[in-house]
Amino acid sequence: MRRHASQRALILELESAQDQLICVSQLDRLTGLLNRHALISNLQGMLSSDRVSERHLTLLFLDFDRFKIVNDSLGHEIGDQLLANIGQRLQTFVNRSGMGVHIDSKNLAARLGGDEFVVVLAEHAEQNVQRVVESLAAVLEEPYHLGETQVSSTASIGIVVNHGKYTDANEMIRDADVAMYEAKGVGRGGYLVFDTPMRERVQRRQQLEVNLARAIERQELRLVYQPIVCVQTGHLKSVEALMRWRHPQDGHISPAEFIPIAEESGLIHKLFDWAIFESCRQLLTWANSIEVAPTCSFSLNLSPRQFNDATLAHRVQQTIEDAGIDPTLIVFELTESVLMSEPKEALRILETIKRYGSRIALDDFGIGHSSLASLHRFPVDFLKFDRSFIKDIDKNRNLASMVNSISVLARNLGIVTVAEGIETPEQFVAIAELGCDLAQGYLIAKPGSAEDIVDFARSRESKVPTSTGANVFKGRWENSIALMT
C-alpha cells in the first residue's frame, strides 16, 4: 500500500510540475500576462468558436509612447518595473466589471514584447468601444511610482472590432497593430479603429521605404533649386535645394510623402549625406561659371531627426572639407519647433555648426512656436518669414506692421530676413517697402535644374531696380514677369 501511495504522490508531483511548466511557457516572465504564443492560441480558439457571441470580440493593441525615453534615461531596471506595473494594471482592468460592458474570464491581457501589449475583450458591444478605451487610457495615464521615481506614460491604441469576419488571430493582431501605428502618428495617447484604407496606406509606406532605400543607388533622386534674390537688386544671392524622387513605375513621389517615411525609418541620414555631397558638387560646378556669383550660398533643410544626430556637424564638416567648399556658403534651414524641443542641446549643436563655418536659417517664422526671443537666444543668420505670413501682406496692415518691426529688429541683430512664397507683384513691392532683404517664391522662379539656375543668374543682369511704384525691375511688371519665369 505504501508503495502505491508513494507512486501516486510521485505522479501527482510530476503532474503538478508539468502544469507549472505549461503555465510558465504561456506567461510573460516580466509581467505575468499571456505571452505572444499563448495569446495567439487563445485568440484563435475564440475566433474558431461555435458561439457567435464569443467571436464578436474587440482587440486593443497598445504601444507606450515614452517607454524608450524612460528606458534609456532611467535605466533598464526602471523600464522593467514600469512594464511590470503596466501588466498589473492591464490584468486588473480585464478582470473587473463595470463601464456598461460585460467583463468576464474570457478577457485576455498579453504582452507581445517590448512595450507592446494586447487586450482582448470578449462579448463586447461595439457601441461601448470608445467608453472602454477611454477608461483604459485613463487607468494607464495615472503616474507610476517606481521606488523613488515617478513616471508618467500614455499609450497609443489600435482597435479592431470583430464582426465575425476574422478567422485568423495573426491577421486580427496585424490590423490592430496597423491602427495603433496610425494612432501614434496623430499624437500621444491617441486611439483609432482599424479600417481597410489604413492597411493600404501602411503597405504603401512599407513599399516606399523599401524603394527609397534603393533610390540613391538607382539614381532616382535629384535636387532642384529655387532662387533667393536680393530685394533691392534682383540678383541671385542663394538657392534652396529641394529633394525630388521619380520612381520608374510610380512616377513623381511627393516629398511630403517620402520625407516622413525617411524620418521614421532612419533613412533620412542617408538621404541627407547624399544631398550635402550633391550640394557641394554643384557649388563646385557653379564656381566655374561666370554667371553664378562665387558668393551664391546653398541652403538645405534639416529635419528634427537629422538635427538631433550627434554626428551631423562632423559629417557636414568632413564633406565640405573634402570638396574644398567655403563652409559659409552652406546654410542649414530648420524650424523653431525643432530648436524649442530641447533648447540647451539645440544651442550646443548650433554652436558646433557655426564653429565649423556654416550658417543657420530659422525657417517658417511666423507660425507655431515662433517667438522673437529666439532671434537673440540662438545664433541665427537668416530669418525666413513663412508664406502664410506673406500671403496677405499687401492687404493686411497688422501683418505689414509686424513684418516691418521684425525686419528692423533682425537687422539690428545682424540677421538677414527672407520673405518666402512671393507670388504677386504687390507682395514683392510690400516686402521691399517693409525692409525685407531677400525674396523667394514662384513670382521670382519655381524650383528648377542646375542649368535653370545658370540661366536665371544670367537673366538678372538685365534687371535694374527702381525705388518706387509697382516696378521693382526695369520696365512694367507685365513685361518683367515673363522674364522672371
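**Ground rules.** I am working from a predicted model, in which local features need pLDDT of at least 70 and side-chain atom pairs count only at pLDDT 80 or more, while totals for chains, interfaces and linings use all residues. Residues are numbered from 1 along each chain as its sequence is written, and side-chain values use heavy atoms, with hydrogens and water left out.

**Overview.** I noted 20 helices and 16 strands in the protein chain, these being DSSP runs numbered from the N terminus (H or I for helices, at least four residues; E for strands, at least two). Of the 485 residues in the protein chain, 47% are buried; I use buried for under 20% relative accessible area, exposed for over 50% and partly exposed for what lies in between, with a 1.4 Å probe and protein chains only. Contacts, meaning heavy atoms within 4.5 Å, were looked up by separation: among those in the protein chain with a separation of 6 or more, 68% are between residues 24 or more positions apart.

**Helix 14.** I then went back to helix 14, which runs over residues 343–355 and has 13 residues, reaching 18 Å from its first C-alpha to its last, close to the 18 Å expected at 1.5 Å a residue; the expected span is 1.5 Å times one less than the number of residues. The buried residues of this helix are A346, I349, L350, T352 and I353. They lie on the same side of helix 14, because they cover an arc of only 160 degrees around the axis, the arc being that of the directions from the helix axis to the C-beta atoms. On the other side of helix 14 I found K344 and R355 exposed. The cover over the buried residues includes helix 11 (304–307), helix 12 (312–323), strand 12 (330–335), helix 13 (336–341) and strand 13 (359–365).

In strand 13 I looked up D364, where phi is near 55 degrees, a positive value in a residue other than glycine. I made a note of it because most residues other than glycine have a negative phi. D364 is partly exposed, at 24% relative accessibility.

At 72% relative accessibility, Q219 is exposed. I216 is placed in that loop between helix 8 (196–215) and strand 8, but I216 is buried, at 18% relative accessibility. Leaving aside neighbours within four places in sequence, I find I216 in contact with L221, K270, L271 and W274; the C-alpha atoms of I216 and K270 are separated by 8.8 Å, although the two residues are 54 apart along the chain.

**Q226 in strand 8.** Q226 is found in strand 8, residues 221–230, and is buried at a relative accessible area of 7%. Its side chain makes a polar contact with the side chain of Q440 at 3.1 Å, and the side chain of Q226 also reaches the backbone oxygen of A445 at 3.0 Å. I take a polar contact to be a pair of N or O atoms within 3.5 Å; within protein, one must be able to donate a hydrogen and the other to accept it, and residues adjacent in sequence count only if both atoms are side-chain atoms. Not counting residues up to four places away in sequence, Q226 touches S238, V239, E240, Q440, G441, Y442, A445, K446 and P447.

**Aromatic rings.** Rings of Phe, Tyr and Trp (its six-membered ring) pair if their centres lie within 6.5 Å, with planes under 30 degrees apart counted as stacked, over 60 as edge-to-face and the rest as tilted. By this rule I count 8 aromatic pairs. The rings of Y225 and F298 have centres 5.5 Å apart and planes at 80 degrees, so I class this pair as edge-to-face. The pair links distant parts of the chain, with Y225 in strand 8 and F298 in strand 11 (residues 297–301), 73 residues apart. Y225 is buried at 4% relative accessibility, and F298 is buried at 0%. F385 and F389, by contrast, form a stacked pair, 5.9 Å centre to centre with 5 degrees between the planes. Ring pairs also link Y225, W286 and F298 into a cluster.
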